[in-house]
Amino acid sequence: MRRELSWVFIGISLIIIIVLFFSSSQTYEQQSLVSNLDKILAGKPFEKQLSAISFYYAGSEISIAAKGYSSFVEFFIRKGAHFFSYAVLGFSLFVGLSAWLKRKWLTLALSAGIPLFYASFDEFHQMLTGGRTPLVQDVMLDFTGALVGLGIAYFIMNNIRKRDVI
């Protein structure tokens, strides 16, 4: 990949980190989607099917019975957003760094290590923000997202190189 194009992916990584930082600076109440979900999902679609889902996350029961319909849906939206954000972070770091680093192991290590470090820092930052709870489980979820994005980038980059596209 050309180094000029790699800057686009490095830029995407920085934008994600900045957005995550500002997101962590807000209290849960400032970010809550529950009142909007109450309006949008007033008919509670798929409530019967979703009621069968129950599990524990960070020591708390996640179910409609325990959290209520909108809070239950919000849980998946919020965790999905984190997973996806970190997947894009891992992907963009790998693609961006691969143009600059010749050692594949170093590109892999940095593309995994930076999101892991940032996920840990993000939870620490949340600890300093009122109304937020830092969770090791969130670091694990974020890191898993980064590894998925990194794996996709690794697969794509290897297949592109084999075809001599780049």
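Helix α7 supplies the largest share of the nonpolar patch, five residues; helices here are DSSP runs (H or I, at least four residues) numbered from the N terminus. Both α1 and α7 give at least two residues to the patch, and Leu 14 sits in helix α1. The patch covers about 950 Å² and includes Leu 14, Ile 18, Phe 117 and Phe 121. Patch residues have over 30% relative accessible area and no salt bridge, with nonpolar side chains joined within 5 Å; a salt bridge puts a side-chain nitrogen of Lys or Arg within 4 Å of a carboxyl oxygen of Asp or Glu. Areas come from the Shrake-Rupley method with a 1.4 Å probe.

## About the model

This is a predicted model, where local features need pLDDT of at least 70 and side-chain atom pairs count only at pLDDT 80 or more, while totals for chains, interfaces and linings use all residues. Residues are numbered from 1 along each chain, and side-chain values use heavy atoms, without hydrogens or water.

## The nonpolar cores

Now let's look inside. The largest nonpolar core has 11 residues, among them Ile 10, Leu 20, Tyr 86 and Val 139. A core joins buried nonpolar residues (under 20% relative accessible area) through side-chain atoms within 4.5 Å. Helices α1, α6, α7 and α8 each give two or more residues to this core, and α6 gives the most, with four. Apart from this core lies another of nine residues, including Leu 37 and Ile 62.

## A buried threonine

Thr 107 belongs to helix α7 and is buried, at 2% relative accessible area. Its contacts (heavy atoms within 4.5 Å) include Phe 94 and Leu 101, leaving aside neighbours within four places in sequence.

Terms used
Buried < 20%, exposed > 50% of the residue type's maximum accessible area, 1.4 Å probe, protein only. Patch = residues over 30% accessible without salt bridge, like charges linked within 9 Å, V, L, I, M, F, W, Y side chains within 5 Å.
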